[in-house]
Structure formats: structure tokens, C-alpha cells
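Here's a quick briefing for anyone meeting this structure for the first time. Take a look at the sequence and the model, then read on.

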Amino acid sequence: MKVTEHLSRADGKTLFSFEVLPPRKGENIQTLFSNIEPLLEFKPPFIDVTYHREEYVYRQHPNGLLEKKTVRRRPGTVGICAAIKNRFDVDTVPHLICGGFSKEETENALIDLHFLGIDNVLALRGDPIKSEGHFKAEPDGHAYACDLIGQVSNLNKGEYLDEEQDDTWATDFCIGTAGYPEKHFESPNYGADLRYLKHKVDRGADYIVTQMFFDNEQYFNFEKRCRDAGITVPIIPGLKPLTTKGQLTMLPRSFYLNIPEELAEAVHHAPDNEAARQIGIEWCINQSKELMAHGVPCLHYYSMGKSESIRRVASQLF
């Protein structure tokens with residue numbers, strides 16, 4: 001079932017969903033299943049599975065020469081989505097990214113997903129390779145999420161890259177896209193960021209899921225700007241409970257977000273990480289309650305591979 005169908009069938013009730021990371025190459029998928037299982041009691045209608053692009057590593061040979069190799073440390077998003085769907089009978093939302101893929105590879109991945117009966121994708125540009133300072137598209141790939149969304153939307157109309165194909169079968173993907181309550185870090189201002197988002201919706205995005213935030217006013221203001229701009233699709237807030245003192249600096253550095261002073265001070269003065277985690281959980285519970293009272297369609301939690309804190313949050317809400 002499509003994400004938008006789940007939202008419409010909820011009849012105003014706020015749903016619960018979360019995002020998981022594929023296991024690292026060589027790890028057992030059972031570890032992932034064991035992190036999903038404690039959250040199933042809250043009846044998530046869909047689970048997101050992230051996609052992590054390739055990295056460059058340099059290996060030194062005995063003769064001293066360095067060899068540059070491309071590696072994918074977390075492969076298997078499509079297979080994991082199928083495994084979750086088969087194991088738990090829950091819809092999955094694979095992340096689809098521009099980086100590292102040609103348009104043909106993207107089309108082939110979409111065909112695989114269609115054959116597996118997966119109805120949803122979250123279309124993202126993706127991050128640059130860690131060793132590179134800025135995003136570089138593949139020679140025959142997409143540079144922007146709006147173009148990736150356009151390709152999925154075209155496939156939904158039966159338009160394949162090979163225009164000479166006859167009697168093509170149309171897919172029927174529900175397309176999600178990302179929104180940034182505090183603005184994408186590459187956008188010069190809020191107005192430009194909103195125009196980019198509107199363009200993604202106009203190209204075919206059916207719903208928006210936001211980057212994580214810790215101040216609900218950021219979401220409320222973002223939602224109002226979207227509605228004023230004519231964006232009418234559902235906007236799902238993305239949340240994460242702080243779990244360590246170190247995240248006070250890691251999260252802003254990695255995700256270009258602001259942590260409210262009240263929360264930052266409380267976590268900073270926490271005696272240890274367990275105390276910091278409790279503060280983060282309580283903050284996330286209060287955030288979630290206020291958003292539910294506001295009538296958000298779904299609360300989407302970023303697990304980063306750990307489910308216990310999210311389970312403790314969800315147990316107070318769902």
C-alpha cells in the first residue's frame with residue numbers, strides 16, 4: 001500500500017513510522033530484524049530503509065603505490081526492503097538517491113522494486129562522497145532530486161528511457177521527498193529552498209518527510225511557508241531523540257540543524273550518557289505530543305540503527 005493511502009486511511013490519527021540503516025557489509029540481517037521487532041507493537045504502516053552511497057578508500061601495495069577503490073559499506077537496500085516486507089508484512093520505503101547511479105541503473109532498480117510489489121520510494125539527491133567537498137553527479141545520472149522524481153513520475157506514466165519501446169507497463173510508485181524546516185545547507189535562503197521543494201512536488205512528489213529538528217516552531221513555520229506557497233501534499237515531521245552527549249556537536253555538524261539552548265544546556269550538564277539519553281527521550285516525547293496535538297499525519301523517527309530510545313518514546317504515545 002502507498003504511504004499516502006496509509007495516511008488517508010488513518011482518518012486523522014497520527015501514525016508511527018521509522019527509518020533503519022542497512023547492515024554493514026558482512027553483518028547478519030538478524031541484527032536489523034532484532035532492532036525492528038521491538039517497534040512493531042506500535043503498528044508502523046511503513047518502514048524506511050536508507051541507501052548509503054559509495055566511498056573511496058586507498059590501499060597501499062607492498063611497492064608503496066596507492067590503489068583507489070570504490071566500496072559500498074551498506075549495500076542491499078532493495079533486498080532488505082523485500083526481506084522486511086516478507087518477514088513482518090509491513091510496507092517498506094526504499095531510499096533512492098542520485099549519487100552513484102546512472103539513469104539506466106535507476107530505471108533498473110525501479111523495475112526490480114516494481115516486480116517485488118514495493119509501492120513507495122523516497123527520492124533524494126543524496127550526500128557527496130565523504131572524500132569530496134561537493135556533490136558530483138554520475139556522467140549519465142541525475143544532479144538534482146527533482147530530476148530523479150521526474151524519472152520515477154515518467155515511469156508511472158509508462159515512459160521508459162528507451163523511447164522506442166512499445167506497449168510499456170506503467171509503474172505506480174508513491175514518491176516521497178525531503179523537506180528542510182531549517183533550510184537545506186546549500187540553499188542561499190528560505191525562499192530559494194521553498195522554490196526547490198515546490199518544484200519537486202510539481203514534478204511528482206506525493207508527500208514530504210522532513211529532516212530531523214528539535215524545535216517544533218521550526219516545523220510549524222515550515223509547514224505554513226509550504227501551504228502559503230501552494231504545497232498541499234502531506235508533510236511528515238522527522239524526529240530523533242538525543243542519545244549521547246557527543247550528539248550535541250555531531251548532529252549539528254552532520255545535519256546542519258539547531259539544537260535549542262534549553263535542551264543543549266540540559267544535555268551538556270548531564271553527568272553521563274545515560275542521563276543525557278533520558279533527557280533526550282523526554283524532550284522527544286514532549287515534541288511528539290505537541291506535534292500530535294497539532295494534527296500531523298505521522299511521526300517519523302530516525303533510528304540510526306538503534307531502536308531502544310524510540311521504543312521508549314513510542315510507548316508513551318501510541
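This is a predicted model: local features need pLDDT of at least 70, side-chain atom pairs count only at pLDDT 80 or more; totals for chains, interfaces and linings use all residues.

## A first look

Residues are numbered from 1 along each chain as its sequence is written, and side-chain values use heavy atoms, with hydrogens and water left out.

**The cavity**

- The largest cavity has a volume of about 40 Å³, where volume is the space filled by probe spheres set on the grid points, and points are joined across faces, edges and corners.
- Its lining (residues with an atom within 4 Å of a point) is made up of Tyr180, Lys183, Tyr190, Asp193, Leu194, Phe222 and Arg225.
- Helices α6 (190–203) and α7 (216–228) each bring at least two residues to that lining, and α6 has the largest share, with 3 residues. Helices here are DSSP runs (H or I, at least four residues), strands are too (E, at least two), and both are numbered from the N terminus.
- By class, the lining has 4 nonpolar, no polar and 3 charged residues; Ala, Val, Leu, Ile, Met, Phe, Trp, Tyr, Cys and Pro count as nonpolar, Asp, Glu, Lys and Arg as charged, and the others, Gly among them, as polar.

**Helix α3**

- The expected span is 1.5 Å times one less than the number of residues.
- Thr77, Ile80, Cys81, Ile84 and Phe88 are buried in α3. They cover an arc of only 105° around the axis, so they sit on the same side of α3; the arc is that of the directions from the helix axis to the C-beta atoms.
- For accessibility, buried means under 20% relative accessible area, exposed over 50%, and partly exposed in between (1.4 Å probe, protein chains only).
- Packed against those buried residues are β1 (15–20), α2 (29–36), β2 (46–49) and β5 (91–97); contact means heavy atoms within 4.5 Å.

**Helix α5**

- α5 (residues 145–156) reaches 17 Å from its first C-alpha to its last, close to the 16 Å expected.
- This helix is mostly covered, with 9 of its 12 residues buried, including Cys146, Leu148 and Gln151.
- The cover over those buried residues includes β5, α4 (103–115), β6 (120–124), β7 (174–179) and α6.

**Positive phi angles**

- Most residues other than glycine have a negative phi.
- Asp11 is not a glycine, yet has a positive phi of about 55°; Asp11 sits in the loop between α1 (3–9) and β1 and is exposed at 71% relative accessibility.
- Lys43 also has a positive phi of about 55° without being a glycine; Lys43 lies in the loop between α2 and β2.
- Just after α3, Asp89 takes a positive phi of about 55°.

- Gln287 is in helix α10 (residues 273–294) and is buried, with a relative accessible area of 4%.
- His269, in the loop between α9 (261–268) and α10, is exposed at 57% relative accessible area.

How values were computed. On a 1 Å grid over the protein atoms alone, a cavity is a set of points where a 1.4 Å probe fits but cannot get out, and a pocket is an open set with protein on both sides within 12 Å along at least five of seven lines; lining residues have an atom within 4 Å of a point.
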